[in-house]
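Colleague: I'm new to this one. Can you walk me through the main points?

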Amino acid sequence: MSIDEHKTKPAAAPAAAKSDVCPTKRKQLDLATVREQIEDTTGPEYWRSLEELAGSEEFQEMLHREFPKGASEWLDGFSRRGFLKTMGASLALAGLTGCTRMPNTEIVPYVRQPENVIPGRPKFYATSHTLGGYASPVLVESHLFRPTKIEGNPQHPASLGGTDVYAQASILDLYDPDRAQDITYLGDVRSWNAFISAISGPMMAEKSLAGGGVRILTQTVSSPTLAAQIRDYLAANPQAKWHVYEPINRDNVVEGAKLAFGEPVETRYDLSKADVIVSLDADFLYAGFPGSTRYTRDFAARRNPDANMNRLYVIESTPSSTGMKADHRLPIRAADILDFASNLHISLTAEIDSNTKFVSALVKDLQSHKGSSLIIAGDHQPPPVHALAHFINQELGNVGKTVFYSEPIDANPVNRAESLKALVDDMHAGKVDVLLILSGNPAYDAPAELELASLLKSPSVATKIYLGSHRNETAELCQWHVPEAHYLESWSDARAYDGTVSIIQPLIEPLYNGKSAHEIIAVLAGDSAATGHDLVQAYWQKQHTGADFDTFWRKSLHDGWVEGTTYAPKQAIAKGVGNENTPRSTTMMTITSPSRIAGTELNFRRDPSIYDGRFSNNGWLQELPKPLTKLTWDNPIMIGPAMAERLKLNFKDVAELEFNGKKVKGAVWIQAGHPDNSITVFLGYGRTRAGRVGSGAGFDVYPLRTSQAPWFADGAKLTATGETYNLASTQGYQTMETPDGSERPLVQERSLAEYKKEPNFAKKGEPRPDLTLYPGFDYSKEAYSWGMAIDLNSCVGCNNCIIACQSENNIAVVGREQTLKGRHMHWLRVDTYYNGPRENPKGFFQPLPCMQCENAPCELVCPVQATLHSSEGLNDMVYNRCVGTRYCSNNCPYKVRRFNFLLFQDWETPQFKLMRNPDVTVRSRGVMEKCTYCVQRISEARIDTETATVREGKEIKIGDDLQTACQQSCPANAIVFGNLNDPNSQVNKWKAQSRNYSLLGELNTRPRTTYLAEVRNPNPELEGS
Amino acid sequence: MATNTQVPVDDRRVPVIAPGHTFSTITEKISNIVLTRPISLGWILGFLIVFGMMNMLMLALGYLFIKGTGIWGINIPIGWGFAIVNFVWWIGIGHAGTLISAILALLRQTWRNSINRFAEAMTLFAVACAGIFPLAHTGRPWLAYWLFPYPNTMRYWPNFRSPLVWDVFAVSTYLTISLVFWFVGLIPDLATLRDRAEKPWLQRTYGLLAMGWRGSAKHWHRYETAYLLLAGLATPLVLSVHTVVSFDFAVGIVPGWHTTIFPPYFVAGAIYSGFAMVLCLAIPIRAIYKLEDFITMRHLENSAKVMLATGLIVAYGYGMEAFMGWYSGNQFDSFLLWNRLHGPYRFFYAALLASNIFIPQVLWLKKFRVSTGWLWIISFVVLCGMWLERFIIIVVSLSRDFLTSSWGQYYPTKWDWMTFFGTIGLFLTGMWLFVRVLPMISIFELRTLLPESHAHEATEVKQ
């Protein structure tokens, strides 16, 4: 893998050139000419010219060239996809000038080959994806200047090669055909120059008022350049104000830190040194929790039962994948966690024996691990819980060992709710003349009581400018909408969870007329010519003290981070202990009280797949089965089994949720392990203007969410409506116990003590190797024999592998209806099983790629030899040969084969053509497909080693650096792949472990993918309770 | 010569042909249905209905070819749904025709002469219906010919280890033999129609089809030899075709499929459903065309007895499946049994047991065997039951296999139903036309049942 600096300005990819090869006698129209013809028209005139154009013969012809099938496709009620596709074509036509200006050039070979460009060989560039201000360092694979795949940056401490689902899926956002493509004023298309001149007037006027009427609303900004730009602007216009809002924010964390330390500090953890970890409602192993990628790596490394295995206690209000990995999990309502925390704190410090067995056992465990334990509080827990977590960590001597404090990475760590409230107050008061909203979607996700959407609709603010990637709910309400460039199209910088700055570099010219926040702020400051590149570079030039800026800059871009920017741990003493206002004294009184809330608690949680709604239009994420429910395309009203029984609610039932006088309706999901008398709803759904993929999915719970109760509150009411609604879950049955009462040994699990006693416990079903009439193929004569092992102990169910696989292998999105029918296409799935009482079960995650069986049942039954065994042990799938009898899938005991029941791939949308991995066939209708162990990567590595062998004159073999996509993205290092013929390969070492077992081994399929059984490390004192 | 011996007919039973018929009355009665009987309103109305159903099939298949198999209810894990259920069902129904015409001919069961012709036609149409499904169920039907081994430049060769390839041979052989057998059997009767037809175009059409048959001794000699040979060829097919079809399942490792009892159990089931279909067709036809003289209660009763016998074999098969589920101690097999009894498809299984095992037991009683109404109802019930059996084997087994995580549920779509009823339409359209354009009962073979045809034989015996 080569990591190259992004030296040259990316040229338009030759593949993107429109192959307009059909010469006709008539005058030909193309989009560029159409654009020219209507460029200078506005409003009604613009529409008229469109109509005139539409009537002309040339236009009709162009239409059919541009949208060959989409324009004249017969719509049938059956295919929602087809409908949507055609809708897309019509929508794109509605804003004709918005289409990409495709260079009308011939495709000719290079006369002079550009340096370092080898067609067919991808290049990798380091950049960073940001979520909630936190940067996820990534390497982006680029095929002939088209970004195609996102990997973690193995050299960056926040990634170490792993990524998260959002970063992985962000590539699809880049090519989203629904992205806003033009600057618009009241819906009409304007040029960038028109925008600049239009706002220069109001900005001049503001200048004289010292910016008194200017308000900038951003999301969390960790970009040093952007922060400096805004600060500079504010310095020049002291009356202007900078507000920050994001629906999923860390207000509680900041307030908690203030409570404990008197200042906002960033807390980060070192899980590699923690023997005992206590999570107070913190889902720290799932994307969206700052640092989760690194935490997952460190956590998983400590799950090795043969070494010093850690122990995880999770006290949580909503079942999470982190909770399911816990050795002890305690489901309690969110409001009761404060009591639990203070109980724990008191028992620890005052040596008062706790009144619960759980707490006293936990206290003992913590006390025997002073300095190597860790308390993590969840973002949605109120500030006192965070303060208590700081106290306990300090009490246990963990600070400086497993817990570190630093400067906040947030450039403007104000309270989000208050900041937005202040803005709204100013708007009401008529103090705001120019409102600049830099991304986010406040009209959709602002606290309900602010009624921001109706305020934006009202003429209280004269000029509203919105920079956003999509024409969403907020864009609709602002006069000016500037399309925001994707992070793969623009320059910026951002800080990772540890403060390390990554320069965000583009890999492609903006596909549409996108601009970055840097450029907008520059316009505000009067520098309309500045480009993002210049701004970011200029900032770092100023920061750089050494001599050779060019080397520094190139190194920073190449490595993916700027050296020396990591925040050093700083001293912070929690000084609130004993103070009258600290939680401790208040909680002394509540230690014995049963619960803080009387009624039913309502929890708001970020959605595991689409976060706060910003990924609504991302098909990969919409169809990504959420780790516990395996739901796709919808959000449920999640309740516990006891509550469901009481309310006589079942799966599929639609219930009405009433809270604060507002009502929403949604389908009920009964989640094992959910606390009783508590409801969880997920943010981000029910969007009205997300795009073709996301609009209309699920129900919107933001109207229930206020800034008083952003995460949970008492007093919700749930009533059955009698209606039903099918939720599209990809796994209908989630236990290993069959309804007849017997249990299938799918995920094998023992406690650490049992494992020590019987290390081979998982191997019982393993068949004898000679259990066949036919001699096996002799692989020892081959150079390679591939195999995979998956450590179930490390797997945290983060779903990364699914998206990585989808991106690498061009896997289609099928939509809700098809998912309901059981036709999702994921080559790799993660099965989730529950075991034990429904109130508090154990959870298991089992990633399931193709097992590549040595005795593959699928190969035997294919009538046309479309699935065969390769000489390297792979179970190959020959798409061209497949006639689609589906016999192989029927006969596959693991059901890992996926069938194109309909034309699931989008063959029309030009953007998706750019996105696809050119090394992998795009499958069509009627063909079976499945995991190939990323055979294209094996081939690439083989070519490399063979060339190297010739070059070096000695044999060079593929080593462990060949990784499958799932393995590469896995933050937990739970997947290892390699050559079984190489005795030193990592995969052979894993397979030699006593925990290694074959799934359904008794069928004698001899899978090449094997599992390392799960071992938990429960506290012996709590065993059996 | 003077003795009034009825060689093939046992005095103690109902005769296979009513007394009082002569060569000419038989010829006249059967050929007149084709040649002189006016087309009734009922026939036209019925034809419109079944022809409409057939067109529904065309519509369903047309849409299927345009959109893909996703218009059906199949999914992962249930990769095979109605299409394969219908395929196995139709193939099974065809078996009765072959059994009647080939095996019973070899066994010299002359009573079959009255029913073999339309039973064979039924076989042909049933196999035609069945043949649609293997093609239509593939994801890329335009490439389904790759299942045939043929020389090509793609260096492509089918996988002879796959039961689906065996299926291709079994079904295509079956169709060919059935067609030839049926046509050879028709030749003497086509000549009769040629001779009796009055309209020139009819004479010419039948004449062409009769292939110059003049009824000479040499013709008859060759005919008899050819027929015997074809019967010999067709006989193993009765056993082999459904055996091979059962391999589609028995070779698979899905619990509920992977069982050695399938071949005999499938063959018995095929004959069971085939005779049910024969009765379902024969009873109304003989009433409408007043053929009670030729298709007598004796035929109906014999068919009922065959049904009873094969039904018991099928019941034994169910019993063994259940027993093995328990006796094997295999957790997947025992769950299979549990799931059939208690799972989401339990009502289907109960209906299957009722209609294939319990209800047909009334055939032990002569009262039911000789009542055309009851017989028809029971046959219909058996046909439904046998369809359910295939549904249970295919869909229910697939819906609950090894990994609980991949369990699924199957909901047929309107296209599934349209295709299924469409093939019934195709089948009935074929039968509808058949009864009007070809002699539905073999005239010359029926004539051999008359005492006159055995005069010499009888005399020789006496001497």
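Modeller: A term to begin with: pLDDT is the predictor's confidence in each residue, from 0 to 100. You need it here, as this is a predicted model.

Colleague: OK. What pLDDT does chain B average?

Modeller: Chain B averages 87. At least 70 is reached by 94% of its residues.

Colleague: And where in chain B is the pLDDT below 50?

Modeller: Residues 1-11 of chain B are one such stretch. The model still gives that stretch 14 contacts beyond near neighbours in sequence. Residues 458-463 of chain B also stay under 50. They have five contacts beyond four places in sequence.

Colleague: How should the coordinates be read where pLDDT is low?

Modeller: Not in detail.

Colleague: What about the complex? Which ipTM and pTM does the predictor give?

Modeller: The ipTM is 0.91 and the pTM is 0.87.

Colleague: Back to chain B. How many helices and strands?

Modeller: Chain B has 16 helices and zero strands.

Colleague: What radius of gyration does chain B have?

Modeller: Chain B has 23 Å. A compact globule of 463 residues would be near 23 Å, so chain B agrees with that. Its C-alpha trace spans about 80 × 55 × 45 Å along the principal axes.

Colleague: How much of chain B is buried?

Modeller: Buried residues make up 48% of its 463 residues. As for contacts between residues at least 6 apart in sequence, 81% join residues at least 24 apart.

Colleague: Switching to chain A. What does the domain assignment give?

Modeller: Among the domains of chain A are domain 2 (123-169) and domain 4 (597-729). Their C-alpha centres lie 31 Å apart. Domain 5 is assigned as 749-770 + 790-1016.

Note on methods
Residues numbered from 1 in each chain as written. Chains lettered and ligands numbered in written order. Predicted model: local features only at pLDDT ≥ 70, side-chain atom pairs only at ≥ 80, totals over all residues. Domains from an automatic or database assignment. Contact = placed C-beta atoms within 7 Å. Helix = DSSP H or I, 4+ residues; strand = E, 2+ residues; numbered from the N terminus. Rg over C-alpha atoms; globule rule 2.2 N^0.38 Å. Buried ≥ 20, exposed ≤ 12 C-beta atoms within 10 Å, placed from the backbone.
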